[in-house]
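Dear colleague,

Please find the structure below, handed over for your work. A summary of what was found in it comes after.

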Amino acid sequence: MSAVQEDWLQTFPALAGLEPDALELLRAGGARVRMPRGTVLFQIGGLCRNFLLMIDGSVRVQMTSETGREIVLYRVVGGDTCILTTACLMARTNYSAEGVAETDLDAIALGAQPFHELLARSAVFRDFVFASFGSRLQAMMMLVEEVAFGRIDLRLARFLVDHRDARGGLDTTHQALAVELGTAREVVSRQLKEFERRGLVELSRGRVAVLDAEALLALSETTRETV
């Protein structure tokens, strides 16, 4: 990699102190890759061949049940790594979920062999990988808790507030919201209609307008109860 090509390292401050030999190994084993929106990076049962360091873009990692129900596990964005990829590489197992590019992607693909060599030889790289893994694992545990025990009205209210666009709403469908929250479309539709009845949102085809963000936020912060 040239000095210009190494600018991507600024996206990962934790790698700034890489040992010289580790940096050389990263140079030799990593390749800059760009992929268009819609690219399927990995599928259930697929082999894990590369460790991706995301420079720019967004990858949606999701699971689909036998009945066709989907849930978004997490997203990998600029400065992130993928917890599932890390787990598959370390355990030498196949993927158990699917990763799809939501936008055009810019990333560094580090082969499995140099990944393992760096883990063994570089304390800085090892700390980076484990810190990223731990942070993602904590977020995954929170997701499990929310899906298993969280009230859907609270979670939906928080999602609507957090993902508003400049116009104060979301261009989305009831099915897409159901996937995000790990529930059924009918459940989301029923709750949205209740929010609309209370004057919190306004529903139209492919659009949810947030009318009272403060009330939704207050609702989302209500003490959780088991459903």
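This is a predicted model: local features need pLDDT of at least 70, side-chain atom pairs count only at pLDDT 80 or more; totals for chains, interfaces and linings use all residues.

**Nonpolar cores**

The largest nonpolar core comprises 42 residues. Within this core, the residues with the most contacts are Phe 51, Leu 53, Val 61, Tyr 74, Leu 84 and Phe 125. At least two core residues come from each of the helices α1 (20–29), α2 (83–91), α3 (112–121) and α4 (123–149). The strands β3 (50–56), β4 (58–64), β5 (70–77) and β7 (105–111) likewise supply at least two each. A second, separate core holds 20 residues, including Phe 159, Phe 195, Leu 216 and Leu 219.

Setting aside its neighbours within four places in sequence, Leu 53 is in contact with Trp 8, Phe 12, Leu 15, Asp 80, Ala 107, Ile 108, Leu 110 and Phe 128.

**Helix α3**

In α3, the buried residues are Pro 114, Phe 115, Leu 118 and Leu 119. Viewed down the helix axis, these buried residues fall within an arc of 140°, so they line one face of α3. An α-helix has 3.6 residues a turn, so residues three or four places apart point the same way. The face of α3 turned away from the buried side carries the exposed residues Gln 113 and Ala 120.

**The largest pocket**

By type, the lining divides into 14 nonpolar, 4 polar and 11 charged residues. The largest share, 6 residues, comes from α4. Among the other elements that each supply at least two lining residues are β5, α5 (152–162) and α6.

Glu 180 deserves a separate word. This residue lies in helix α6 (residues 174–181). Glu 180 counts as buried because its relative accessibility is 18%, and buried means under 20%. Leaving aside neighbours within four places in sequence, Glu 180 is in contact with Val 72, Arg 75 and Phe 159.

**The second largest pocket**

About 280 Å³ of space lies in the second largest pocket. Of its 16 lining residues, Leu 41, Phe 42, Asn 50, Leu 52 and Tyr 95 are the closest to the centre. Strand β3 gives the largest share of this lining, 3 residues. The lining of the second largest pocket divides into 13 nonpolar, 2 polar and 1 charged.

With kind regards

Note on methods
Residues are numbered from 1 along each chain as its sequence is written. Side-chain values use heavy atoms; hydrogens and water are left out. Helices (H or I, at least four residues) and strands (E, at least two) are DSSP runs, numbered from the N terminus. Buried means under 20% relative accessible area, exposed over 50%, partly exposed in between (1.4 Å probe, protein chains only). Contact means heavy atoms within 4.5 Å. A nonpolar core is a set of buried Ala, Val, Leu, Ile, Met, Phe, Trp, Tyr and Cys residues joined through side-chain atoms within 4.5 Å. The arc is that of the directions from the helix axis to the C-beta atoms. Ala, Val, Leu, Ile, Met, Phe, Trp, Tyr, Cys and Pro count as nonpolar, Asp, Glu, Lys and Arg as charged, and the others, Gly among them, as polar. On a 1 Å grid over the protein atoms alone, a cavity is a set of points where a 1.4 Å probe fits but cannot get out, and a pocket is an open set with protein on both sides within 12 Å along at least five of seven lines; lining residues have an atom within 4 Å of a point. Grid points are joined across faces, edges and corners, and a volume is the space filled by probe spheres set on the points.
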